[in-house]
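I opened this model to look up the ligand site. My entries follow the structure.

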Amino acid sequence: MRLDKILGNMGYGSRKDLKKYMKYGIVKVDGEVVKKSSIHVDPDESIIEVNGERVEYKEYIYILMNKPVDVISATYDRNHSTVIDLLEEKYLPFEPFPMGRLDIDTEGLLILTNDGKLSHEILSPKKHIPKTYYAHIDGEVNDGDIAAFRKGIVLDDGYETLASDLIIIESGDISKIQLTIYEGKFHQVKRMFETRGKKVIYLKRIAMGDLKLDENLELGEYRELTNEELELLKGSTSNCKDD
Ligand code: URA
């Protein structure tokens with residue numbers, strides 16, 4: 001891989017900038033100063049240093065965010081802040097994007113990555129990756145709702161949802177529930193409850209596949225996935241049956 005591509009991907013500047021900086025002898029490969037930015041280097045084999053600091057090259061980034069309300073799950077929005085605006089600058093050269101969407105008023109687990117292949121697999125409607133939500137519902141959630149959700153709900157547009165798993169944590173004027181769905185239709189959780197005459201008033205995603213939200217992350221906070229978490233996420237695609 002070209003050295004300027006490696007350094008560019010890691011946020012050290014554009015190809016043009018790097019050509020200029022490298023003339024000053026600030027970049028070393030395997031201990032030798034390199035002044036030509038176009039040389040080819042294997043980042044897994046060679047030690048690359050900039051200003052004496054080791055460059056740990058990686059192609060992909062995987063960030064676990066506890067999404068707050070009032071930010072959009074998109075890379076750009078004309079009127080609102082996006083989840084990308086919450087990230088430190090050092091992550092931007094990776095060009096991360098959200099893996100799927102949460103509504104503007106939904107909180108919780110959102111993965112940001114630049115791994116298009118994994119994102120495609122996780123979001124594939126054929127994979128039925130489970131997504132688990134915690135919610136507050138205006139209205140009394142009951143066994144009838146559990147049975148209806150288990151059977152499949154016909155939404156307002158005629159689509160019949162797959163069987164989903166509803167757990168009532170607390171039933172009352174305001175009920176607390178946990179719901180696992182195996183697909184990801186637009187506003188799905190809200191629309192499922194609407195067909196039962198009940199309104200979702202608080203919604204938070206707490207799991208996606210085998211990956212769980214880190215409850216130590218405050219709203220708006222994020223961190224990179226650990227290797228174990230990444231394996232759990234990747235494993236979710238093989239644990240779930242294809243259509
Ligand atoms: N279902 C919804 O209604 N909203 C979300 O953000 C996610 C699932």
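**Ligand site**

I listed the shell of the ligand first: Leu102, Asp103, Thr106, Tyr133, His187, Gln188, Val189, Lys190 and Leu203 surround the ligand, where a residue is near if one of its heavy atoms lies within 4 Å. The model is predicted, with local features needing pLDDT of at least 70 and side-chain atom pairs pLDDT 80 or more, while totals for chains, interfaces and linings use all residues. Residues are numbered from 1 along each chain as its sequence is written, and side-chain values use heavy atoms, leaving out hydrogens and water.

**Shell make-up**

I sorted the shell residues into 4 nonpolar, 3 polar and 2 charged; Tyr counts as nonpolar and Gly as polar in this scheme. Helix H5 (residues 188-195) gives the largest share of the shell, 3 residues; helices are DSSP runs (H or I, at least four residues), numbered from the N terminus.

**Polar contacts**

I then looked for pairs of N or O atoms within 3.5 Å. A polar side-chain atom of Thr106 is 2.9 Å from a ligand oxygen atom. A polar backbone atom of Lys190 lies 3.1 Å from an oxygen atom of the ligand. For Val189, a backbone N or O atom is 3.1 Å from a ligand nitrogen atom. The protein covers 96% of the 240 Å² of accessible area that the ligand has on its own (Shrake-Rupley method, 1.4 Å probe).

**Domains**

I checked the domain assignment, automatic or from a database. Domain 2 (67-125 + 213-239) and domain 3 (131-208) each supply at least three shell residues.

Definitions and conventions. A polar contact is a pair of N or O atoms within 3.5 Å; within protein, one must be able to donate a hydrogen and the other to accept it, and residues adjacent in sequence count only if both atoms are side-chain atoms. Helices (H or I, at least four residues) and strands (E, at least two) are DSSP runs, numbered from the N terminus.
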